[in-house]
Amino acid sequence: RLAQAVMEKPQILILDEPMNGLDKKSVMNVESILKQFVENGGTLLMTSHIDQQIMECCNIIYEMDDHIIVRKMN
């Protein structure tokens, strides 16, 4: 479904834990798709508990704790 969503060329993708339950190879494929989406001007709003996944795909990162933004990283 992710590939289909990206093929529609949306301006914004909102994803909740998009790599949850994927094997290592699939995670790398999804990261590649999302990085390319962002590089082509798309906006990605994504949640994840895995910092590496967020850092790989996003330019601006907000960390939340108990519904409060506690840190912003660029």
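These legends describe several views of one predicted model. Residues are numbered from 1 along each chain as its sequence is written. Local features need pLDDT of at least 70, side-chain atom pairs count only at pLDDT 80 or more, and totals for chains, interfaces and linings use all residues, while side-chain values use heavy atoms, with hydrogens and water left out.

**View 1. The whole chain.**
The protein has three helices and four strands. Helices (H or I, at least four residues) and strands (E, at least two) are DSSP runs, numbered from the N terminus. Their order along the sequence is α-β-α-β-α-β-β. The C-alpha trace spans about 35 × 25 × 20 Å along its principal axes.

**View 2. The largest nonpolar core.**
This core has 15 residues. A nonpolar core is a set of buried Ala, Val, Leu, Ile, Met, Phe, Trp, Tyr and Cys residues joined through side-chain atoms within 4.5 Å. Buried means under 20% relative accessible area, exposed over 50%, and partly exposed in between (1.4 Å probe, protein chains only). Among the residues with the most contacts inside the core are Leu-13, Met-19, Leu-34 and Cys-57. Strand S1 (12-16), helix H2 (24-39), strand S2 (43-47) and helix H3 (51-57) each give two or more residues. H2 gives the most, with five.

**View 3. Around Cys-57.**
Which residues does Cys-57 touch, not counting those up to four places away in sequence? They are Met-19, Glu-31, Leu-34, Lys-35, Val-38, Leu-44 and Met-46. Contact means heavy atoms within 4.5 Å.

**View 4. A nonpolar patch on the surface.**
Ile-60, Tyr-62, Met-64 and Ile-69 form this patch. Together they have about 440 Å² of accessible area, from the Shrake-Rupley method with a 1.4 Å probe, where for residues only the protein chains shown count as cover. Nonpolar side chains are joined within 5 Å, like charges within 9 Å. Ile-69 lies in strand S4 (residues 68-73).

**View 5. Two loop residues with positive phi.**
Most residues other than glycine have a negative phi. Glu-17 has a phi near 50°. Glu-17 sits in the loop between S1 and H2. His-67 has a positive phi of about 70°. The loop between strand S3 (61-65) and S4 holds His-67. His-67 is exposed, with a relative accessible area of 74%.

Note on methods: Patches are made of residues with over 30% relative accessible area and no salt bridge: like charges are joined within 9 Å, nonpolar side chains (Val, Leu, Ile, Met, Phe, Trp, Tyr) within 5 Å. A salt bridge is a side-chain nitrogen of Lys or Arg within 4 Å of a carboxyl oxygen of Asp or Glu.
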